[in-house]
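Please consult the sequence and the model while reading.

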Number of protein chains: 2
Amino acid sequence: MLSCLVNGQSASMLSVQDRGLAYGQGLFETLTLKKGEPLDWQLHMQRLECGANRLGIPFDNNILDGLSQDLNKLLADAGELPEKAVLKIILTRGAGGRGYAVTTPLTPNRILQLNPFPSWPSDPASTGIRVMLCQTRLALNPQLAGIKHLNRLEQVLARSEWQQSDISEGLVCDTDGYLAEGTMSNLFWLSGGELFTPDLKYCGIDGIIRQRLIARAQALNIPVNIGRYLPAVLTDADEVFLTNSVIGIWPVTECVSPGLQQRWPVGNLSRQLSQWLAV
Amino acid sequence: MLSCLVNGQSASMLSVQDRGLAYGQGLFETLTLKKGEPLDWQLHMQRLECGANRLGIPFDNNILDGLSQDLNKLLADAGELPEKAVLKIILTRGAGGRGYAVTTPLTPNRILQLNPFPSWPSDPASTGIRVMLCQTRLALNPQLAGIKHLNRLEQVLARSEWQQSDISEGLVCDTDGYLAEGTMSNLFWLSGGELFTPDLKYCGIDGIIRQRLIARAQALNIPVNIGRYLPAVLTDADEVFLTNSVIGIWPVTECVSPGLQQRWPVGNLSRQLSQWLAV
């Protein structure tokens, strides 16, 4: 961690009574900072607000202004930044009480962490990555689906299924066996000239890059199918790729699980969308 | 909070990089301290170990010894304790890194919080309580079911469904519509001389008092049925009660939801088990 602010103050500790720790009553956002500019700030703030509304976290202009001011302070304090960095924002319900009910007025806590941009051994965005199919399943809960809340044990368990450095990501299905997403990314594939991506009504995180790519594909008159698909559909895909706000787009060139052994090329569409995104 | 230890040191703050906050990769236990003695310490430690194994938290004798020493220190520092108090233990995967994978050796963090014993307006253990049927559902995930991990948003959402002080607890069903538990308690009912409680293979927390009551009922030759039951079965119940390590046993005397409007007496079995428990 390069630096950290808690409610606008340079700090790296939080109360052990924070409801973010106790119950995961909080949200996070992960953004790329490019030359000090946060990419898609507004979209991230929109998702944060949407999540806050669902989790009973008061989200008013004070919070929004607070986050903007925090960001400015973080950047000012950091001095000269590398070309790229990663900003992680955590917003929790605040500290207080014991028990699931919020019985006293609590102020949400804002945490901003500035992290170095990760480096990857090869150039995965150009050459593509190898993935596996995880055994861990995502439970179906429409109340929590889509938002980026702090209850992420399923992702931790899925990510713990491999240690091999030549596997860059895992595909995860829901408990009904349908494709949901990667452990840290959203999944797309192109088949017969149409784009496909799993529906996130029941589980998964509605990524910002996912939102942008769906809109972009529609603008390009590429039909976008959002639904529930079994992993086997990927055997017919012409290209497969994964997205998030830090990696941008990673083409998937191979899946190495017994249940899905398959290779795909780095496709034209992922290249084209990647150039357009310019993360 | 009366007092708090973090890894054996008097403290009330934790790193914002702790994986307990970031992802909920941690567990908690809530115990009653009676005259300074933790009730069912060993059973709580067993559940903690079981949860740690599932979540990839190294749980060795160092942790177990650490928790015992923490408890002794907490009690020694606290001086004279009230007749009863509540001890909350949190064990997290530790602080470090960004991303779901644990890529460097991390030391689990132990947090012990000493809290006053809650007080309730009436004497719910004797006179019984009113409950409602929550709309919030618990998602089905066998990998996370039973253990007391820190991903508790479903409980927070369920508990936020009522503010009325005359409703003491909410019954929660799983996403298939079967009874699971209370927001903070386990559910039992007696029907035709047999005891019933929801199966926790898919969701819910396997409470210590639940474990003890199941064993006790079997010792008393009361058949115990563990299964998946719709809320409607409660209309035929002779007595209904809820359990946890702080409340002990609370008889349910009324449910006030449109989907389940029903009264039950404070039954003999709950009285008898309550005396036996003597929480």
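**Strands, helices and the contact between chains**

Q: How many bridges join strand S4 of chain B to strand S6 of chain B?
A: In this predicted model, S4(B) covers residues 26–34 and S6(B) covers residues 84–92. The two strands run antiparallel. Thr32(B), for instance, stands opposite Val86(B) in S6(B). The number of bridges joining S4(B) to S6(B) is nine.

Q: Which strands of chain B stand at the edges of the open sheet?
A: The open sheet has six strands in the order S2-S1-S7-S6-S4-S5 (chain B), with antiparallel pairing. An edge strand has a single partner strand, so one side of it is left without a neighbour in the sheet. The strands in this position are S2(B) (9–10) and S5(B) (37–38).

Q: At about what angle does helix H2 of chain B run to S4(B)?
A: H2(B), residues 41–55, lies across S4, S5 and S6 of chain B. Helix H3(B), residues 61–78, also packs on the sheet, and its direction makes about 35 degrees with that of S7(B). For H2(B) and S4(B), the angle is about 175 degrees.

Q: Which element gives the most to the side of chain A that touches chain B?
A: The contact takes 45 residues from chain A and 45 residues from chain B. Several elements of chain A each supply at least two residues, among them S1, S3 and H1. With five residues, the element that gives the most is H5(A).

Q: What is the bridge partner of Met13(A) in S3(B)?
A: S3(A) and S3(B) pair in the antiparallel sense over three bridges. Within S3(B), the partner of Met13(A) is Ser15(B).

Terms used
Residues numbered from 1 in each chain as written. Chains lettered and ligands numbered in written order. Predicted model: local features only at pLDDT ≥ 70, side-chain atom pairs only at ≥ 80, totals over all residues. Contact = placed C-beta atoms within 7 Å. Helix = DSSP H or I, 4+ residues; strand = E, 2+ residues; numbered from the N terminus. Pairing = 2+ DSSP bridges. Axes fitted to C-alpha atoms, helices over the stretch in contact; angles between N-to-C directions.
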